[in-house]
Amino acid sequence: MISGRVERVAKELARRELDAIIVTEPTSRYYLTGWKMDDTQVGELAYWVLAGPDSLTILTGQNNLSEAIEAAPGSKIIGIAPQDRGKNASMIAALIQEAGYKRVGIDDVHLGANYYLQLTESLPPHIELTPAADLIRTVRAVKEPGEIELLREAIRLTDEAYMALREWITAGTTEKQVAWFLERHMRDRGADGIGFGTIV
């Protein structure tokens, strides 16, 4: 759990009169928890986050527990047994009811219809699910000093890679070779990856 971020989410929840939000979009999950675990297949969620006004609960497979505990200290982490993998939505619904939440935001852009239907079937009618895909993105838009430094470093690496490319490129070089040169150059100098596919 990244506490300053949880506090900012709590303020946004209060402003929108929400008790909590279910976070399913990978970048937003990582932003809140510090745990980078991408979804491996379409329609699969590697983990769910239920963000309340003062807590984060992570729901993930039991095989991910040790990694989650290490990456997201301060979060409550619940492991799902292999035989219960299809019950993620009903388990989140139980946590919502346990906490006494009445109005809960969902990522209506990223959460699939199948999971949404499972949630609505698992929750009593007095609990309202509200579209709130932009809530975490709104919080993420205001950059912290550490994030600003990381952006500066990313820009520096990108500029450096582009200047190196200008020296390296020759007639006959393919677009794939150029894209690979840029990515390799940035990764060799500390980048975790590229923000999006390189357009040449």
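Helices here are DSSP runs of H or I with at least four residues, numbered from the N terminus. By that count, Leu-157 is found in helix H7, which covers residues 145-168. Keep in mind that this is a predicted model. Here is a friendly tour of a few places to look.

- Leu-157 has a relative accessibility of 6%, so it counts as buried, the cut-off being under 20%.
- Setting aside neighbours within four places in sequence, Leu-157 is in contact with Met-186, Arg-189, Gly-190 and Ala-191.
- Lys-87 lies 70 residues from Leu-157 along the chain, and their C-alpha atoms are separated by 43 Å.

**The two faces of H5**
- Helix H5 spans residues 113-122, and its buried residues are Tyr-115, Gln-118 and Leu-119.
- Viewed down the axis of H5, these buried residues fall within an arc of 100°, so they line one face of the helix.
- Ala-113 and Glu-121, on the other side of H5, are exposed.
- The buried residues of H5 pack against strands S1 (20-23), S2 (47-51) and S6 (128-131), and against helix H4 (88-99).

**Nonpolar cores**
- In the largest nonpolar core there are 22 residues, and those with the most contacts inside it are Ile-21, Leu-32, Leu-135 and Ile-136.
- Two or more residues of this core come from each of H1 (3-15), S1, H2 (26-33), S2, S3 (56-61) and H6 (134-141).
- A second, separate core has 21 residues, including Ala-20, Ile-80, Leu-111 and Tyr-115.
- Leaving aside neighbours within four places in sequence, Leu-135 is in contact with Val-9, Glu-12, Leu-13, Arg-16, Leu-18 and Ile-21.

Methods: Residues are numbered from 1 along each chain as its sequence is written. This is a predicted model: local features need pLDDT of at least 70, side-chain atom pairs count only at pLDDT 80 or more; totals for chains, interfaces and linings use all residues. Side-chain values use heavy atoms; hydrogens and water are left out. Buried means under 20% relative accessible area, exposed over 50%, partly exposed in between (1.4 Å probe, protein chains only). The arc is that of the directions from the helix axis to the C-beta atoms. Contact means heavy atoms within 4.5 Å. A nonpolar core is a set of buried Ala, Val, Leu, Ile, Met, Phe, Trp, Tyr and Cys residues joined through side-chain atoms within 4.5 Å.
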